[in-house]
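Here is a short report on how parts of one protein chain pack together. Look over the sequence and the structure first.

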Amino acid sequence: MSATDSTATRPGDATWQPKLVALDIDGTLLRWMDSPATGSEGVSGVPGEELSDKVRDAVRRAYEAGAHVVLSSGRSAHSMTGIADLLGLPAEDAERLWIVASNGAVVLRYPPLDVVHEETFEARAAVEKILERRPNVLVAVENRGIGYRMNRPFPAGELGGGENVIATVEEMVAEPVSRVIIRDPDATPEDFLELGRELGLHGIDYVVGYTAWLDLTPVGVSKASGLAYVCDELDLEPADVLAIGDGRNDIEMLEWAGRGVAMGNAPDEVQAIADAVTAHVADDGAALELSRWF
């Protein structure tokens, strides 16, 4: 699909307007920083820190029109609240926002940050299998509300803000966790896609990012499952949802939503499953899609 394909409305309902807008953050609301390897538009794995005015204004219009705006990201909970602040959400004295964090494993309300739902899993066996094949990978688990525990420092900016501490892998996976991050700055995304296929991680789901970044999550847990929890609380249906995203971890969300829109910078497999494709994040594609409805 091309950016022009996103003019289509839902079949048979030209008056449809989203009641809930689910928004990925990195690569959707925030542009990726330039890759040091190319010096230009390569994906670095590190998001920028500023929202464009067009994106902020479009999100605000949706919110002010009465839609529930739900940030839905692979980020940890503590690194998502600052994005809500940049958007100026929620309005003063308004209902607290819903936020879906950690690829759907954590659902929270804000402000203040209050985790209302969390899915966890036993990650030790899977992590041990990965380390057998790639003993030098970086490993991190969320230290909820604080930052991350990691076996060694990650490349600057990749884990976002918060307090990150060094710990052994054994300590990190001794108890159930909501998410494990595996990172290898010397590998490629294709390497990690092959690794996931080779390992056959039973009982665990995984998703590969733009870089050699592997997220391990409880089986059946995704942004779609986190958003389904929110919809149940709000008495809404998937058909009421407009979702916009750019990553492989957005596929379930885009398939689940009444209208799932991929960013123009999304990988081909993400664009292929979407109902429509909007413009590149550098061209404020999220704002273009939101402006069709609000």
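## Two helices that cross

A crossing is left-handed if the near helix is turned anticlockwise from the far one by less than a right angle, and right-handed if clockwise. In this predicted model, H3 passes H5 in a right-handed crossing.

Helix H3 covers residues 124–133, and helix H5 covers residues 189–199. Their axes lie 11 Å apart, at an angle of about 120 degrees. Angles of 65 to 115 degrees count as roughly perpendicular, and those over 145 as roughly antiparallel. H3 and H5 are therefore oblique to each other.

## Where the helices touch

Which residues of H3 meet H5? They are Lys129, Ile130 and Arg133. On the H5 side, the partners are Leu195, Glu198 and Leu199. By class, the contact of H3 with H5 has three nonpolar and three charged residues, but no polar ones.

## The largest nonpolar core

The largest nonpolar core has 40 residues. Leu23, Leu29, Val59, Leu71, Leu87 and Leu290 touch the most other members. Several elements give two or more residues to this core, among them strand E1 (20–23), helix H1 (53–64), strand E4 (68–72) and helix H9 (285–291). H1 gives the most, with five residues.

Take Leu23. Leaving aside residues up to four places away in sequence, Leu23 touches Leu29, Val59, Val69, Val70, Leu71, Ser72 and Ile244.

## A second core

There is also a second, separate core of 23 residues. Its members include Ile130, Ala167, Ile182 and Phe192. Ile130 is also one of the H3 residues that meet H5.

Note on methods: Residues are numbered from 1 along each chain as its sequence is written. This is a predicted model: local features need pLDDT of at least 70, side-chain atom pairs count only at pLDDT 80 or more; totals for chains, interfaces and linings use all residues. Side-chain values use heavy atoms; hydrogens and water are left out. Axes are lines fitted to C-alpha atoms, for helices over the stretch in contact, and angles run from 0 to 180 degrees between N-to-C directions. Helices (H or I, at least four residues) and strands (E, at least two) are DSSP runs, numbered from the N terminus. Angles under 35 degrees count as roughly parallel, over 145 as roughly antiparallel, 65 to 115 as roughly perpendicular and the rest as oblique. Contact means heavy atoms within 4.5 Å. Ala, Val, Leu, Ile, Met, Phe, Trp, Tyr, Cys and Pro count as nonpolar, Asp, Glu, Lys and Arg as charged, and the others, Gly among them, as polar. A nonpolar core is a set of buried Ala, Val, Leu, Ile, Met, Phe, Trp, Tyr and Cys residues joined through side-chain atoms within 4.5 Å. Buried means under 20% relative accessible area, exposed over 50%, partly exposed in between (1.4 Å probe, protein chains only).
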